[in-house]
Amino acid sequence: MKTVLPENLLDKFQSLGRPRWGWAILCLCATIAPVHAALMPDANQSTPAVSSANDFGGTTTTSDEQKKWKFESQLSAALTYDDNIFIQPKDAKKDFYGQIAPTLAVGQGDFRSQLASFADIPHFLAETGEEELPIKDFAYLSYTPDLLLFSKYHREDTVNHDARLAGQEENELWNVQGQLHFQKDTEPDIDVGHRITQYYYTLDANAAYAITGKLTGGAEIYGNRSDYSGGLASTDGRITAYVDYQVAPKTALGVGVAGGYLDVASGANQAYEQGLLQIKYAPTGKLSFTGEAGGEDRQYRSNIGNRTQFVFNAS
């Protein structure tokens with residue numbers, strides 16, 4: 001196992017995403033070697049379909065290896081200086097704060113590379129060898145506590161949480177994946193001028209099927225509940241269907257439709273429908289881009305009239 005700098009390191013610095021001035025002056029990540037005896041061999045080494053004989057005179061196949069339980073652990077840490085920790089236009093408060101975020105995970109299959117995106121602090125990652133596998137089946141449960149400690153404003157010290165249950169199964173023609181995700185996060189809010197606690201509960205399930213060699217159809221079901229300290233809350237549910245056409249080895253163009261409902265605790269509930277054009281580009285096994293743009297018709301459950309608007313999304 002070798003340590004490499006991820007291609008999206010700059011994106012991880014930018015993913016801190018807070019409208020403030022701050023400098024990350026120290027980052028460290030250690031990926032601790034798995035401790036369970038039933039680990040798979042290094043994916044960079046070739047593994048025959050029948051790998052070895054077992055104690056009962058039978059054989060052990062790669063399918064058997066997929067079913068073995070594996071334990072993974074990672075550790076991320078950072079020290080940051082922020083000259084406006086509450087995002088206040090006047091009388092800005094500055095401080096140093098440290099983050100320590102260990103990740104523990106247990107599961108089956110090729111899930112190690114899925115853990116890379118958990119920490120929102122920049123760090124080095126251990127190359128697992130699973131990134132380039134043509135087919136990756138997995139199921140895992142993970143938990144990441146994120147300890148946040150301030151040098152001066154100790155009342156802002158907190159522990160954030162990230163817990164996930166996720167799985168994926170795929171073959172040459174289809175794939176199905178889904179996850180349940182819980183997050184507790186404490187962030188500065190520019191509208192209220194101080195740090196607020198946020199809770200997110202997410203369900204995401206999607207499937208895709210290769211209709212022909214170049215034509216793929218898929219669907220997604222998404223639900224999210226967001227709770228904010230102070231009583232603000234919203235629930236969003238959406239169903240999406242799409243068809244993509246592979247115009248080049250790494251590029252696909254497609255069309256999609258979506259419909260959803262947004263329930264707002266303090267405000268007008270909304271139903272909406274979207275028609276979308278999309279592009280998907282994957283230059284490498286680790287780097288991908290998806291862009292969507294189209295029109296939306298939104299109906300408000302209040303005296304506000306229906307609105308038609310242009311929408312877009314990039315990820």
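A contact here means heavy atoms within 4.5 Å. The legends below describe close-up views of a predicted model.

**View 1. Confidence along the chain.** The chain has a mean pLDDT of 79, and 72% of its residues reach 70 or more. Residues 1-58 stay under 50 in pLDDT, and the model gives them 112 contacts beyond four places in sequence. The pLDDT is also below 50 over residues 121-126, a stretch with 26 contacts beyond near neighbours in sequence. Where pLDDT is low, the predicted coordinates should not be read in detail.

View 2. P145 is placed in β8, which covers residues 138-150. Leaving aside residues up to four places away in sequence, P145 touches I100, A101, P102, V159 and N160. T103 is 42 residues from P145 in sequence, yet the two C-alpha atoms are 7.2 Å apart in space.

View 3. Strand β9 comprises residues 158-170. Strands β8 and β9 run antiparallel and are joined by eleven bridges; F138 has Q168 in β9 as its bridge partner. Strand β9 also pairs in the antiparallel sense with β10 (residues 174-189), over ten bridges. In this second pairing L165 stands opposite L180 of β10. Three residues lie between β9 and β10, which form a hairpin.

**View 4. The two faces of strand β9.** In a regular strand the side chains alternate between the two faces of the sheet. The covered face of β9 holds T158, N160, D162, R164, A166, Q168 and E170. V159, H161, A163, L165, G167 and E169 belong to the uncovered face. Both V159 and N160 are among the residues that P145 touches.

View 5. Twelve bridges join β14 to β15 in an antiparallel arrangement, with G260 standing opposite Y272 of β15. These two strands form a hairpin with five residues between them, and G267 in the turn has a positive phi of about 155°. Strand β15 is joined in turn to β16 (residues 289-300) by twelve bridges, again with the strands antiparallel. Across that pairing, Q274 stands opposite E296 in β16.

**View 6. A nonpolar surface patch.** The patch is formed by Y245, V247, L253, I279, Y281 and F289, which together have about 530 Å² of accessible area. Strands β13 (233-248) and β15 (270-281) are the elements that give two or more residues to the patch. L253 lies in β14, which spans residues 251-264. Because its relative accessibility is 42%, L253 counts as partly exposed.

Methods: Residues are numbered from 1 along each chain as its sequence is written. This is a predicted model: local features need pLDDT of at least 70, side-chain atom pairs count only at pLDDT 80 or more; totals for chains, interfaces and linings use all residues. Side-chain values use heavy atoms; hydrogens and water are left out. Helices (H or I, at least four residues) and strands (E, at least two) are DSSP runs, numbered from the N terminus. pLDDT is the predictor's confidence in each residue, from 0 to 100. Patches are made of residues with over 30% relative accessible area and no salt bridge: like charges are joined within 9 Å, nonpolar side chains (Val, Leu, Ile, Met, Phe, Trp, Tyr) within 5 Å. Accessible areas come from the Shrake-Rupley method with a 1.4 Å probe; for residues, only the protein chains shown count as cover. A salt bridge is a side-chain nitrogen of Lys or Arg within 4 Å of a carboxyl oxygen of Asp or Glu. Buried means under 20% relative accessible area, exposed over 50%, partly exposed in between (1.4 Å probe, protein chains only). Two strands pair if DSSP finds at least two bridges between them.
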